[in-house]
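Biologist: I would like to learn how to read side-chain contacts in a model. Please take me through some cases.

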Amino acid sequence: MIPRLKLVNVTKRYGSTVANDAISLEVMPGEILSVLGENGAGKSTLMKIIFGSVTPDEGEIYFDGRKVNISSPADARELGIAMVFQHFVLFETLTAKENILLGMPEGTDPKELEKEIIDPNAIVNDLSMGERQRVEILRALLTNPKLLILDEPTSVLSPLALQALFKTLRQLSSEGVSIIFITHKLNEIRELS
Ligand code: ADP
């Protein structure tokens with residue numbers, strides 16, 4: 001089987017700091033890969049490289065067997081890569097639906113989207129942290145990604161919402177979606193990946 005994503009010797013330096021030092025990894029279709037490491041280990045940098053918001057100094061990236069040059073998040077989305085960020089990137093004064101529409105291809109029918117959102121017209125500013133996280137996750141899922149990256153998504157989720165997220169991730173994995181899951185929590189790794 002061809003890996004969904006393959007990194008070969010990816011290196012990123014910030015001045016004298018080596019954030020990523022010759023990282024190589026493979027994620028197969030349907031695989032859930034957890035990335036664990038202390039603060040400053042370089043996890044976010046690596047994910048930003050895969051999502052095209054940071055450019056590596058060295059190394060190669062292959063997606064579905066093809067060498068790719070991911071130079072922007074738009075490039076990543078085009079390949080089928082979606083990312084849920086640790087820090088929210090929602091527009092607080094817009095509604096849940098408007099935020100999700102911004103991440104969708106042009107021509108997406110807002111009426112179709114409404115069916116998928118619990119409270120599409122809620123203003124994000126009025127939502128709890130857990131609810132905002134769910135809007136973010138939904139926004140990523142509605143793009144039908146081939147590779148979903150979640151950067152420490154669980155810190156603001158209730159235990160119930162966490163179980164719902166894990167169930168969704170297992171379902172996606174069984175459908176062949178590859179998942180990279182960043183966490184600090186060993187129990188989450190044991191349960192999921
Ligand atoms: P993690 O996500 O594992 O906490 P990061 O990828 O955020 O780690 O950071 C890895 C290292 O790179 C750290 O030493 C951090 O200070 C440094 N770093 C990350 N981003 C930048 C940046 N934009 N400019 C300078 N240094 C950075």
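Biologist: The charged end of which residue sits over the ring of tyrosine 62?

Modeller: This is a predicted model. The residue is lysine 6, whose charged end lies 5.6 Å from the centre of the tyrosine 62 ring.

Biologist: How many aromatic pairs does a search of the whole structure find?

Modeller: Two aromatic rings are described by the distance of their centres and the angle of their planes. Here the search finds 1 aromatic pair. The ring centres of phenylalanine 166 and phenylalanine 181 are 5.9 Å apart with the planes at 75 degrees, so the pair is edge-to-face, since planes over 60 degrees apart count that way. Phenylalanine 166 belongs to helix α6 and phenylalanine 181 to strand β8, 15 residues apart.

Biologist: Is phenylalanine 166 buried or exposed?

Modeller: Phenylalanine 166 is buried, at 0% relative accessibility. Phenylalanine 181 is also buried, at 0%.

Biologist: Which residues are linked in a network of salt bridges?

Modeller: Side chains of opposite charge can pair when their charged atoms come close. In this model Arg4, Asp64 and Lys146 form such a network. Arginine 4 meets aspartate 64 at 2.8 Å, N to O. Arginine 4 precedes β1 and aspartate 64 is in the loop between β4 and β5, so this pair ties together parts 60 residues apart in sequence. Lysine 146 bridges to aspartate 64 with the closest N and O atoms 3.0 Å apart.

Biologist: Which way do the side chains of strand β6 point?

Modeller: In a regular strand, side chains alternate between the two faces of the sheet. Ile81 and Met83 point one way from β6, Ala82 and Val84 the other, and all are buried.

Notes:
Residues are numbered from 1 along each chain as its sequence is written. This is a predicted model: local features need pLDDT of at least 70, side-chain atom pairs count only at pLDDT 80 or more; totals for chains, interfaces and linings use all residues. Side-chain values use heavy atoms; hydrogens and water are left out. Rings of Phe, Tyr and Trp (its six-membered ring) pair if their centres lie within 6.5 Å; planes under 30 degrees apart count as stacked, over 60 as edge-to-face and the rest as tilted. Helices (H or I, at least four residues) and strands (E, at least two) are DSSP runs, numbered from the N terminus. Buried means under 20% relative accessible area, exposed over 50%, partly exposed in between (1.4 Å probe, protein chains only). A charge sits over a ring if NZ of Lys or CZ of Arg is within 6 Å of the ring centre and within 35 degrees of the ring normal. A salt bridge is a side-chain nitrogen of Lys or Arg within 4 Å of a carboxyl oxygen of Asp or Glu.
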